[in-house]
Amino acid sequence: MGLVALLMLIVQADVAAASAPEQSDIDLLARMIWAEAENQDDDGQQAVAQVAINRLEAGAWGDTMEKVIYAPNQFAVSRMRIAAPGEREYANARAVMEADEPILPIWVQYFRAGRHHRFKGYAEYTVIGDHYFGGFEP
């Protein structure tokens, strides 16, 4: 193997390591999925997880997954204390965190069960399972 090929492999490995999600973030996201969407199918669990990722990328709720998930009055943190995520929640957390493309647009930063929010300026996006997703379009 030539020096250039070896350097390319090292750079690719560094890029892959830098873009790999932290296990602590996967754990938090899996716990949040369990607390908010335990009874939903994989699409519903992944959409709920995508909301947290969108909030992280938007930066309005914090610059870490922990700050986003534990932002006041945002997610079911009281249920997270007893959360017991299984392999399905972990698989869905990893799927969203490792996806090349988000499954919801970045402006979709809210969900709730039963109906859409009634915020002024709120745009409805979709319904997946029991959850209604939307946000504020740019």
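Of the 36 residues in the largest nonpolar core, those touching the most other members are Leu 29, Met 32, Ala 52, Met 65, Ile 69, Phe 75 and Phe 133. Such a core is a set of buried Ala, Val, Leu, Ile, Met, Phe, Trp, Tyr and Cys residues joined through side-chain atoms within 4.5 Å; buried denotes under 20% relative accessible area with a 1.4 Å probe, protein chains only. H2 contributes the largest share, nine residues.

The model is predicted: local features need pLDDT of at least 70, side-chain atom pairs count only at pLDDT 80 or more, and totals for chains, interfaces and linings use all residues. Residues are numbered from 1 along each chain as its sequence is written, and side-chain values use heavy atoms, leaving out hydrogens and water.

Helix H6 (residues 87-98) has 12 residues; helices are DSSP runs (H or I, at least four residues) numbered from the N terminus. Its buried residues are Glu 89, Tyr 90, Asn 92, Ala 93, Val 96 and Met 97. They fall within an arc of 165 degrees seen down the axis of H6, so they line one face of the helix. The cover over these residues includes helices H2 (23-37), H3 (42-58) and H4 (65-69).

Asn 92 lies in H6 and is buried, with a relative accessible area of 3%.

Contacts (heavy atoms within 4.5 Å) exclude residues up to four places away in sequence:

| Residue | Residues touched |
|---|---|
| Met 65 | Asp 25, Leu 28, Leu 29, Ala 52, Ile 53, Leu 56, Met 97 |
| Asn 92 | Ile 33, Asp 42, Gln 45, Gln 46 |

How values were computed: Helices (H or I, at least four residues) and strands (E, at least two) are DSSP runs, numbered from the N terminus. The expected span of a helix is 1.5 Å times one less than its number of residues. Buried means under 20% relative accessible area, exposed over 50%, partly exposed in between (1.4 Å probe, protein chains only). The arc is that of the directions from the helix axis to the C-beta atoms.
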